[in-house]
Amino acid sequence: MADDYSKLSDEELDNLIAGRVNAPAGQGTKAATTARAAVQEKSARVEGGPPIAEQIEPSAVKRGLAGMGGAMLEPVMGLAEKAQLAFPGEGAEGAANIKRVADERAQRRMYQRQLEETPAGQAGAFAGEVLPYVAAPARIPAQMAAAGGLGFLRGGPDRPTGIGSELMTSGARGGLEAATTGVLMKGAQLAGRGANAALGRFSDEGADALRTNAAAERLGLPSPTVGQLMPRSAMGKIESVLPGRDELIEGQAKALGSKMSKDIVTPEGNIADVGGVYLDEMKNAVQKRYQLAGEKYKAVDELVDSQGLGNLFPVYTARSVTATNSPGYTTASELLGRYGFDAAGMQGMKAADLGKLPLRFEDYHTMRVATNKALGALDRGIGNAERMGNAVPTENKAARKWLSDLKTALDSDAENWATRHAANAEAVGAYKDATAYYRDVVAPTILDNPLARKVASTRSGYPSGDAALRAATSTSGIPMVERLRPTMTPQGEDMTTVLRNLPEVAETLLSKTGTAPERQGALGRAVRATLSHPLAAAETAIGHVPGLESLSRSMLMKRLAASRDPLDQAMLGRMMAGGAQYPQGGLEQRAERVFGLR
C-alpha cells in the first residue's frame, strides 16, 4: 500500500521527512512522524546498533514474555478488529473508526516486530505461535485447520481500508498458512517415516503387513500392493477401485489354490482338492502339540532312568481298568481302543499283579490322552442327546462314570509317585512341568478345540480339504485355527497368514466362479477417502501411473507405508506441527509480497 512506510528505503524515508517528496494526501505532518518511526524500526537492524526493544526493555525474560503475549493476543485482536471493521458506523464517524483500527493495528504489529528483532522476543513470539498447535490433535488435517483458522484471525493488512480488504487478505492468509502447514508437516512426516523404515521401526499394523507380504511371496503369489496389505489405510480404500485390482486378486487366488491343493486320485484322473494341503498342515499341527507333550513326559522317564529313581506303579489305575463288571465297561474300552489305549487287552488280569508292573511316564501320557479323548467324546454325545430331548442309554452314562474313575486313578498314581520323590526337585519339577503343559496348553488348544478334534478324527473328520478350508476360514473357525498356529510348519503358518490378512484373495479362492467379489459402493468410498486424504490419493495415483505400477508393490513403498508414523506419538506430532511454523514466516512474507497482501 502507498502508506506502508516499511517498504521504503532509508533514502526515501529521509526525503519524506525532509519534505523533498510529498506525503500521501490527507496525512499531513502525521506522515513524517510515521516515517520517523519506520526509520527507527529500520535502525534496529543496522549492524552494530542495539535493537529498539533492547533499549526499551533490557530484561530478556520480559522481552520473551512480551513477544509470547503479543503472538497469542494477535488472533484475539484480529477477531475484535474484524467485528469493528464490519460495523464501523456511518459517514465520517465510520471512516474515523476504520482509521483508528488501522493505526492501532499498525502500531501493535510494529512493536511486535521490534520485539522479534531480539533473540528473546523472537523465541517468545515463536512459543506463542506454537502453543495453539500443541493443543490441537496431532494430525495433519487438524493442524491445517488450526493454521487456517489462526491465519484468518491474525490476517488482514497492516492498514485495512474496510471489511472487504480485511476479509480478502485474511482469507488468503488463512489458506496460505493451512497449505504451508500441510506441506511442511507432510514433508516432516515422510522424512520421519523414511528414517523409521530405514531403521526397521514399524507400526504393529505395518509389521503385520510386511509379514503378510513375505508369506505371500514365499507361497509364490503375485506380490500384494500396499493397499492390499493395509486395507484400512486411506491408500487401501482408494486403491480398491483402481483398474487391474480384480485381475491381481484372481491371479493371487489361483496361485494360492495351486499351492494348497492336493490331488485326489481316481480311475478317471486326478481331481484337485482345494485345501487338501492345508488340512494336512492342521493335522500336523495337532500331532505336533501332542508330540511336544509326550516329549516332556519322556524327559521325566530319562531322569528316572539316569538317577535310578523308583518307577510309577499304576496301583489305582489297575483297580479301575480291571473293573470289567461295570455296565459301561464295553463302551468305555471300545472308545479307549479307538484313541490308542488297549484297555480290553488287560481284561482278565488281576489288579494286584497289574499294579506291580512299572509304568513309564511316556506310556502314562498315552493312557491319559486316550482317557481324556474318550471321556470328551462320550460327554459330547450325551450332551447332544439331552439337548435334543432323546433318552441317554444307561450304558453310556455308566461308561462316562467308568472313564471318569479311570482318569482320577491315573492322576492319583502319578501324584503318589511325585510324593515319594519329593526330595528330588529336578525329577518332580519335570513331572509338574509336563502336567502343567498338558493341562494349560494341550487341553485348550486341542482337547477343547472342536476344529482340532475334527481335523484329527479318523472316523468323523472333514470329508475333503475344501470342507476343512471353509471351516477354518469361517467366523467360528478362525479363533480355533489361531490355537494351532504355534505348532504349524512354516508353510502352514504362511498359508494361515495369507488367508487371514488377504481376505479378498481367500474369498475369491473359495468362490465357485473363482472371480473377485463385487465391491458394493467402492467408488463412493474411494471418492470420500480421496476428499478426506488428498495426499494419500496423490501417493496412490503416482504408484499406479502406467510404467510405475510396480512402485505400489515395491519393497521400498511397503516399508515406507509400514513404518511407524511420527505423528502417532501425540506430543512429537504436535511439536512437528509447531516446528513447521518456524520456516513458515519467511515463506508467507514472500508469498504475501507476490500477491500484494502486505
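Residues are numbered from 1 along each chain as its sequence is written. Because the model is predicted, local features need pLDDT of at least 70 and side-chain atom pairs count only at pLDDT 80 or more, whereas totals for chains, interfaces and linings use all residues; side-chain values use heavy atoms, with hydrogens and water left out.

The chain contains 29 helices and 2 strands; helices (H or I, at least four residues) and strands (E, at least two) are DSSP runs numbered from the N terminus. Of its 598 residues, 43% count as buried, where buried means under 20% relative accessible area, exposed over 50%, and partly exposed in between (1.4 Å probe, protein chains only). Contact is defined as heavy atoms within 4.5 Å. Among contacts between residues at least 6 apart in sequence, 73% join residues at least 24 apart.

Helix α7 (residues 140–154) has 15 residues and reaches 21 Å from its first C-alpha to its last, close to the 21 Å expected at 1.5 Å a residue. The expected span is 1.5 Å times one less than the number of residues. Buried residues of α7 include I140, Q143, A146 and A147, and L150 and R154 are also among them. An α-helix has 3.6 residues a turn, so residues three or four places apart point the same way. Just after α7, G156 takes a positive phi of about 100°.

Helix α4 (residues 60–86) packs against α7 at an angle of about 55°, with the axes 7 Å apart. Axes are lines fitted to C-alpha atoms, for helices over the stretch in contact, and angles run from 0 to 180 degrees between N-to-C directions. The angle makes α4 oblique to α7; angles under 35 degrees count as roughly parallel, over 145 as roughly antiparallel, 65 to 115 as roughly perpendicular, and the rest as oblique. In this contact, E74, P75, G78, L79 and K82 of α4 meet L150, F152, L153 and R154 of α7. By class, the contact of α4 with α7 has 5 nonpolar, 1 polar and 3 charged residues. Ala, Val, Leu, Ile, Met, Phe, Trp, Tyr, Cys and Pro count as nonpolar, Asp, Glu, Lys and Arg as charged, and the others, Gly among them, as polar.

Helices α5 (residues 91–116) and α6 (residues 119–135) pack at an angle of about 115°, with their axes 6 Å apart. Q112, L115 and E116 of α5 and G121, Q122 and A125 of α6 make the contact, which divides into 2 nonpolar, 3 polar and 1 charged residues.

The axes of helix α13 (residues 276–307) and helix α21 (residues 465–472) come within 7 Å and cross at roughly 65°, which makes α13 roughly perpendicular to α21. G276, Y278, L279 and M282 in α13 meet G465, A468, L469 and A472 in α21. The residues of this contact comprise 6 nonpolar, 2 polar and no charged.

In helix α23 (residues 490–501), the 12 residues should span 16 Å at 1.5 Å a residue, and the end C-alpha atoms are 16 Å apart, which agrees. V498 is one of the buried residues of α23. The buried residues of α23 pack against several helices, including α9 (204–218), α13 and α21. A214 is found in α9 and, at 26% relative accessibility, counts as partly exposed. Although A214 and V498 are 284 residues apart in sequence, their C-alpha atoms are 9.6 Å apart in space.
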